[in-house]
Amino acid sequence: MNTIIFASILGTVLALSNSKPVLLTFGPQKLPPSLVGQVLRHGDPSRQEIALTFDDGPGPQTEKLLAILKKENVKATFFEIGCHVADYGKMIKEMPNQGFEIESHFYFHENLSTKSLAQNQTEVAESFKSMQGMGQKLLFFRPPYMRYSTRTAEAAKEVGCAIALWDIDPRDWSGISAIAIENAVVSKIHNGAIVLLHDNHENTLIALPVIIKKIKEKGYKFVTLREMFQQK
Ligand SMILES: [Zn+2]
């Protein structure tokens with residue numbers, strides 16, 4: 001049986017058989033039809049919720065990052081580079097059941113803006129393959145370097161996905177201090193914000209507990225992207 005279909009059926013069974021709420025990051029989920037193939041930069045400005053997102057994993061620092069998030073009881077979304085997933089399969093398989101959402105940063109982490117539709121489709125297909133057996137269907141793709149074209153959106157649309165960008169970017173990859181990262185996020189936080197961070201930079205890990213504390217103090221709820229964009 002196709003792994004994605006099996007995971008969907010399993011998720012449905014769990015949802016039906018258990019009166020407790022089932023983790024929204026697990027099981028069968030689809031985007032609302034109006035969002036398929038769209039480019040999304042933020043959630044609903046009327047809801048006091050934000051999504052932390054982490055690009056460029058999985059990697060050697062991901063476990064540390066997950067430990068911080070678990071300690072703070074905060075959900076987050078991870079945009080994984082497909083060609084790195086196999087090296088961290090065991091860790092990634094556990095993430096959906098821990099409240100973390102796994103999405104795709106495409107397969108080779110390349111600039112997609114100059115690639116043909118067929119090349120974009122290959123990136124999408126390889127990304128899906130890399131996530132097979134991880135217990136979660138992909139719903140979002142995030143283009144590396146924010147370089148994409150209408151062909152990228154088309155390739156995502158064909159598989160029922162959307163392009164997920166962000167509206168808060170502290171540029172944590174650029175070598176800035178932990179305090180600068182923290183200020184860049186906390187000073188711009190707003191309803192429906194999608195925050196772009198990376199899970200392979202030491203200063204991001206240092207800044208993260210303070211970012212979470214300050215955002216919690218302001219009263220925001222942390223959600224994953226599929227929670228942010230589910231039909232309400
Ligand atoms: Zn990246």
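How many helices and strands does the chain have? In this predicted model, the chain has 9 helices and 8 strands. Of the 232 residues in the chain, 41% are buried. When contacts between residues at least 6 apart in sequence are considered, 78% of them join residues at least 24 apart.

Helix 5 spans residues 117-131 and contains 15 residues. The distance from its first C-alpha to its last is 21 Å, close to the 21 Å expected at 1.5 Å a residue. Its buried residues are N120, E123, V124, S127, S130 and M131. These buried residues line one face of helix 5, because they fall within an arc of 125° when seen down the helix axis. A118 and K129, on the other side of helix 5, are exposed. The elements that cover the buried residues of helix 5 include helix 3 (82-85) and strand 4 (100-104), as well as strand 5 (140-141) and helix 6 (150-158). Helix 5 is followed by G133, which has a positive phi near 85°.

E126 also belongs to helix 5. This residue counts as partly exposed, because it has 16 C-beta neighbours inside 10 Å, whereas a buried residue needs 20 or more. Leaving aside residues up to four places away in sequence, E126 touches G82 and Y107. E126 and F106 are 20 residues apart along the chain, and their C-alpha atoms are separated by 8.1 Å.

Helix 6, one of the elements that cover the buried residues of helix 5, contains T152. T152 is buried, since 24 other C-beta atoms lie within 10 Å. With residues up to four places away in sequence not counted, T152 touches L112, N120, P143 and I163. Among these, N120 is one of the buried residues of helix 5. The C-alpha atoms of T152 and K115 are separated by 8.5 Å, and the two residues are 37 residues apart along the chain.

The next part concerns helices 7 and 8. Helix 7 covers residues 178-186 and helix 8 covers residues 202-217. The axes of the two helices come within 8 Å and cross at roughly 35°. The crossing of helix 7 with helix 8 is right-handed. On the side of helix 7, the contact is made by A178, I181, E182, V185 and V186. Helix 8 contributes N203, T204, I206, A207, V210, I211, K214 and I215. The residues of this contact comprise 9 nonpolar, 2 polar and 2 charged.

Which residues of helix 7 are buried? They are I181, E182 and V185. These residues lie on the same side of helix 7, because they cover an arc of only 100° around the axis. The buried residues of helix 7 pack against helix 8 and against strand 7 (194-198). I181, E182 and V185 are also among the residues through which helix 7 makes its contact with helix 8.

S177 lies in the loop between strand 6 (162-164) and helix 7. Is S177 buried or exposed? S177 counts as exposed, because it has 11 C-beta neighbours inside 10 Å, and the limit for an exposed residue is 12 or fewer. S177 and E202 are 25 residues apart in sequence, with a distance of 9.6 Å from C-alpha to C-alpha.

Some backbone features remain to be described. G57 and P58 are joined by a cis peptide bond, with omega at about -5°. P58 is located in the loop between strand 2 (49-57) and helix 2 (62-72). D56, found in strand 2, has a positive phi of about 80° although it is not a glycine. D56 is buried, because 21 other C-beta atoms lie within 10 Å. H109 also is not a glycine, and its phi is positive at about 55°. H109 is placed in the loop between strand 4 and helix 5. H109 counts as partly exposed, because it has 17 C-beta neighbours inside 10 Å.

Note on methods: Residues are numbered from 1 along each chain as its sequence is written. This is a predicted model: local features need pLDDT of at least 70, side-chain atom pairs count only at pLDDT 80 or more; totals for chains, interfaces and linings use all residues. Axes are lines fitted to C-alpha atoms, for helices over the stretch in contact, and angles run from 0 to 180 degrees between N-to-C directions. Helices (H or I, at least four residues) and strands (E, at least two) are DSSP runs, numbered from the N terminus. A crossing is left-handed if the near helix is turned anticlockwise from the far one by less than a right angle, and right-handed if clockwise. Two residues are in contact if their C-beta atoms, placed from the backbone, lie within 7 Å. Ala, Val, Leu, Ile, Met, Phe, Trp, Tyr, Cys and Pro count as nonpolar, Asp, Glu, Lys and Arg as charged, and the others, Gly among them, as polar. The arc is that of the directions from the helix axis to the C-beta atoms. The expected span of a helix is 1.5 Å times one less than its number of residues.
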